[in-house]
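Hello,

Here is the structure we discussed handing over. My notes follow it, grouped by topic.

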Amino acid sequence: MTKIKDVKTKIYKWTGEIVPPVQNFCTNPTDILRESGDKMKSFRFHQWMVCEIIADDGTTGLGNAALAPEVTKKAIDCYLKDLVIGEDPFDYNYLWDKMYRSTMAWGRKGIGMIGISAIDLGIWDLMGKLKNKPVFELLGGRTKKKIPVYASKLYSQPIKDLQIEAEKYLKEGFKMFKMRFGWGPKDGNEGIKKNIELVNAVREVVGYDTDLMLEAYMGWDLEYSKKIIPDLIKFKPKWLEEPVIPDDISGYAELNSMGDIPIAGGEHEFSYLGFKHLLEQKAISFIQYDANRVGGITAGHKINSLAEKYGVPVVPHAGQMHNYHLTMASNNCPFSEFFPVHQVEIGNELFYYLFKGEPEPKDGFINLDDNTPGLGISIHEKYKSDFDIVD
């Protein structure tokens, strides 16, 4: 019987070039405050945590965490690792509950759940390697020949530049796109006008035979959302993502019940129970958990099944291999997000510099290899010199 011998965590701090911040780059929850300057500062992440789950035969599974990696590392090193060392990795449901329930007093969401996610991802990667099967096969197998993906970038910028970027993705074969807004409630009617100009500019390029998703990234409130939505309907968006902060579930539910534009969210929600509440309230029409935040693949798999019962599709946040395997194994996950390879800016791009093995899109689709065990990623030696590594 295989046992988990050790759990090791490392922080990879990016030391390479970073694209400087641009004003009104993307709305976010701090927009309501009086602060000026780089309001995206607390939402940029230029570090990543890698969590190694090491079996007694030397086989190693790789988990990861992008949010607050230094604090998450502490949570794993001081509290979580001892809960799984000496255990059988194939008892993953038991191990998940053991971590969740043992940290109930301070965990449940945020840092605690991100730490659980990192360990859980590593456990699934380890199980795949031990069974010599890709993770999606352990989850039930392939449900689609390949995964449709949408190009997810198109942050607020000068109209000409925005259209050039949209044209690039169109020429690469993408048929689905997501863009961001740059202005929120305190910018008034002039801000609404600028937001509408952004959406119009992208639609002029991609046309109406494609899907266009709109994201506010928690930067609006209920009143502002209800004010701008009538002006957005004519652009036929696939969804409006995170219009209000994630704790405003009643706000989500009210906007979703309007029926004008489907409401999406969930990348900042945590655990199976968090999504159960959202589904019961009919608060969202698309679920967007991220497996390295929500509780790992164990939690994501349960949420996929739960959402299917409610008829709500799941489109995981950020793409990346831990989410692609969940998408491949579920009929209730129709497509995935894909962050185009780019210089390091917000931080999502770091995944490509840190990990080797990410599938490259072709004509708007990605695929997973049936013959690559586990999650299919390893540390990318090519860019390793661009990181400071902290044990």
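Lys 382 counts as exposed, because its relative accessibility is 61%. This residue sits in the loop that runs between β13 (378-379) and β14 (387-390). Tyr 353 is 29 residues away from Lys 382 along the chain, and the two C-alpha atoms are separated by 8.1 Å. Tyr 353 also belongs to a cluster linked by ring pairs, together with Tyr 12, Trp 14, Tyr 383 and Phe 387. Please keep in mind that this is a predicted model.

**Overall form**

The protein has 13 helices and 14 strands. Its radius of gyration is 20 Å, close to the 21 Å that the globule rule gives for 391 residues, so the protein is as compact as a globular protein of that length. The C-alpha trace spans about 65 × 45 × 45 Å along the principal axes.

Of the 391 residues, 56% count as buried. The exposed surface comes to about 16,200 Å², and carbon and sulfur atoms supply 49% of that area. As for contacts between residues at least 6 apart in sequence, 74% of them join residues at least 24 apart.

In soluble globular proteins, nonpolar side chains tend to be buried together. Here the largest nonpolar core has 120 residues, and the members that touch the most others are Ile 119, Leu 232 and Ile 287. Helix α3 (residues 111-131) gives this core its largest share, 10 residues. Apart from this core lies another one, of 8 residues, with Tyr 150, Trp 239, Ala 264 and Phe 335 among them.

What does Leu 232 touch, not counting residues up to four places away in sequence? Its partners are Phe 181, Ile 196, Val 199, Leu 214, Trp 220, Pro 237 and Ile 261.

Ile 192 is another buried residue, since its relative accessible area is 7% and the cut-off for buried is under 20%. Helix α6 (residues 188-206) holds Ile 192. With neighbours within four places in sequence left aside, Ile 192 is in contact with Tyr 224, Lys 227, Ile 228 and Asp 231.

A search of the whole structure finds 22 aromatic pairs. Two arginines are placed against tyrosine rings. Arg 180 lies over the face of Tyr 155, at 4.5 Å from the ring centre. The charged end of Arg 203 sits over the ring of Tyr 208, and the distance to the ring centre is 4.6 Å.

**Backbone angles to check**

Most residues other than glycine have a negative phi, and most peptide bonds are trans. Gln 320 is not a glycine, yet it has a positive phi of about 65 degrees. Gln 320 is part of helix α12 (residues 320-328). Is Gln 320 buried or exposed? Gln 320 is buried, because its relative accessible area is 3%.

Asp 363 likewise has a positive phi, of about 55 degrees, although it is not a glycine. The loop between β11 (355-356) and β12 (365-366) contains Asp 363. With a relative accessible area of 44%, Asp 363 is partly exposed.

**Lys 171**

Lys 171 is in helix α5 (residues 159-171). This lysine is exposed, because its relative accessible area is 66%. Lys 171 and Val 206 are 35 residues apart in sequence, and their C-alpha atoms are 9.9 Å apart in space.

Regards

Methods
Residues numbered from 1 in each chain as written. Predicted model: local features only at pLDDT ≥ 70, side-chain atom pairs only at ≥ 80, totals over all residues. Heavy atoms only, no water. Phe/Tyr/Trp six-rings, centres within 6.5 Å; stacked < 30°, edge-to-face > 60°. Lys NZ or Arg CZ within 6 Å of the ring centre and 35° of its normal. Core = buried A, V, L, I, M, F, W, Y, C linked by side-chain atoms within 4.5 Å. Buried < 20%, exposed > 50% of the residue type's maximum accessible area, 1.4 Å probe, protein only. Helix = DSSP H or I, 4+ residues; strand = E, 2+ residues; numbered from the N terminus. Contact = heavy atoms within 4.5 Å. Rg over C-alpha atoms; globule rule 2.2 N^0.38 Å. Areas by Shrake-Rupley, 256 points an atom, 1.4 Å probe, with all protein chains shown as cover.
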